[in-house]
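Subject: Structure handover

Hello,

Here is the structure for you to look at. Please open it before you read my notes.

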Amino acid sequence: MQITASDQTISEISADWLVLPVFESEPSPLEQAFDAAACNVIQRLRELGDVTGEQGEIVELRQVAGMKTPRVLLVGLGKADALTRAKLERICMTVFRRLSSKKNRSVAFTVPDVANVSAAQVAEIVATAAVVASSGQSVYKKKADRFSFDELSLATAGSDEATQQAIERGRILGESINLTRELVNRHPGEVTPKYFADRASELAAKLQVHGEVMDRHQLAQERMGALLAVSRGSTEEPRLVVLRYEGAGESAPWLALVGKGVTFDSGGLSLKPSDSMKSMKADMAGAATVLGAVNAIARLKLKVNIIAAMGLVENMVSGSSYKLGEVLTARSGTTIEIHNTDAEGRLVLADVLSYVVDEGVSQIIDLATLTGSCVVALGEEVTGVFTNNQPFCDQFSTAARAAGEDIWQLPMFESFRDQLKSDVADIKNVGTRWGGAITAAKFLEEFVADTPWIHLDIAGPAFAESTKPHREGGGTGAMLRTLVALAESL
Ligand code: BES
Ligand code: MN
Ligand code: ZN
């Protein structure tokens, strides 16, 4: 998709569709310019009550006199002073999803002045939405049901340097989110640890980022006893992918991004019921989000150093599955008694976390579809946040707000650590039924030493069970924007 900024006069724009945002309050200068060229058609429709500008309202017009474009889509933005970044994003997604459900070559989007969002930000949001919305989840269908545009022009945005840069940033974010979504949406017969690692290596070569893939033998040399135990029941061999992006010079601090990459979670011997198992191809969303974020950070050439580590395994049932009651020795030397083989994500992360700690990183963020309990607590669209370092977490929250993503911090009280006491080993891998997202985080905390660390439980927001007008079901790329915003703020 070619995305450009143009300052063409509204009546001169030629595209398959012209999108014109309409406010509930006073007609904007853009609307007035349109109406002046189009015999006041919007004013007349407003009088009829057919156009109100109410948020999310969509009215299609065709062959409007005075307009070169054959089709016009009016989209309501609601009251001007109540419009936020998140609302604008949702509206753009709805519009572009609607237009990309048919073959439309070109779209011109007239960019409104929004009180609470800068012009550059609006341009970025529009570009990201166009890229994300025009890509679906029908990876394997004979007939495509979503069509990307060849050209998108952001009309009347002016074509200054800042706008061009914002558009480029928007496109990079969109394409990175789509990469994450694609990896999550592909079926688990295809996305094995090896497949994921191969895709990551390919990407590293393309980005000219240093990449390393460890196989079962190297993982054994690294003493990753917890990760390897999870993988043991599967015929698919595990992988650890480590990418190093050096954007700030080697001696500057390194931020680790760690991703849970369980390419399929059957639960192991603590087998999941079918209903809970059927979306477990998405249990590698943490790793896919880390990979998408590295893609964005490298393409944006951000001045930070990132070590991205993705632990890739399948959690399966067989004669060689790890057992309940078994005691594992993690890479850090900590022994772990297994009380539930479905609490596998924390075992994989334990070894990957201690690996990045030993690499000497200054800060760690891990992303994982870790617990159903977090979804019970916060719902399907909010990321659970846990930390051992409040200032770092506050900085992260600021980035999330700037990126327009919803997060909520949960406590790390010592009483939850008590639930993990084991009679035979240093720690056991599950606590009681209650507060399971927190006990999981307390488990991870054992493996980060004193390194400032944030754990993101994305079990809810990483995967959408159903399609809505503003977003496709399947992988979502949640938290990728926030990671990029944080990397920018470092
Ligand atoms: N991958 C699941 C968590 C999950 C649940 C992700 C729902 C997305 C949607 C994880 O490995 C798991 O099974 N966790 C268990 C932990 C329990 C056994 C302590 C859970 O949440 O039930
Ligand atoms: Mn599990
Ligand atoms: Zn899992």
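First, the ground rules. This is a predicted model, in which local features need pLDDT of at least 70, side-chain atom pairs count only at pLDDT 80 or more, and totals for chains, interfaces and linings use all residues. Residues are numbered from 1 along each chain as its sequence is written, chains are lettered from A and ligands numbered from 1 in the order in which they are written, and side-chain values use heavy atoms, with hydrogens and water left out.

**The two domains**

The chain splits into domain 1 (2-174) and domain 2 (191-489). These bounds come from an automatic or database domain assignment. The C-alpha centres of the two domains are 37 Å apart.

**Where they meet**

In domain 1, 15 residues are in contact with 18 residues of domain 2. Contact means heavy atoms within 4.5 Å. About 1500 Å² is buried between the domains, and carbon and sulfur atoms give 49% of that. Arg97, Arg169 and Ile172 supply 38% of the area that domain 1 buries against domain 2, more than any other three residues. Buried area is the accessible area (1.4 Å probe) that two parts lose on being put together, summed over both.

There are four salt bridges between the domains. A salt bridge puts a side-chain nitrogen of Lys or Arg within 4 Å of a carboxyl oxygen of Asp or Glu. Eight residue pairs are in polar contact across the domains, both residues at pLDDT 80 or more. A polar contact is a pair of N or O atoms within 3.5 Å; within protein, one must be able to donate a hydrogen and the other to accept it, and residues adjacent in sequence count only if both atoms are side-chain atoms.

**Glutamate 89**

Arginine 481 forms a salt bridge with glutamate 89, with the closest N and O atoms 3.8 Å apart. Glutamate 89 also forms one with arginine 85, at 3.2 Å between the closest N and O atoms. The structure holds 36 salt bridges.

**The ligand**

Which residues come nearest to ligand 1? Of the 15 around it, they are Lys272, Asp283, Asp342, Glu344 and Gly372. Here, a residue counts as near if one of its heavy atoms lies within 4 Å. An N or O atom in the side chain of aspartate 342 is 2.8 Å from a ligand 1 oxygen. For glycine 372, a polar backbone atom is 2.7 Å from an oxygen atom of ligand 1. Lysine 260 has a polar side-chain atom 3.2 Å from an oxygen atom of ligand 1.

Best wishes
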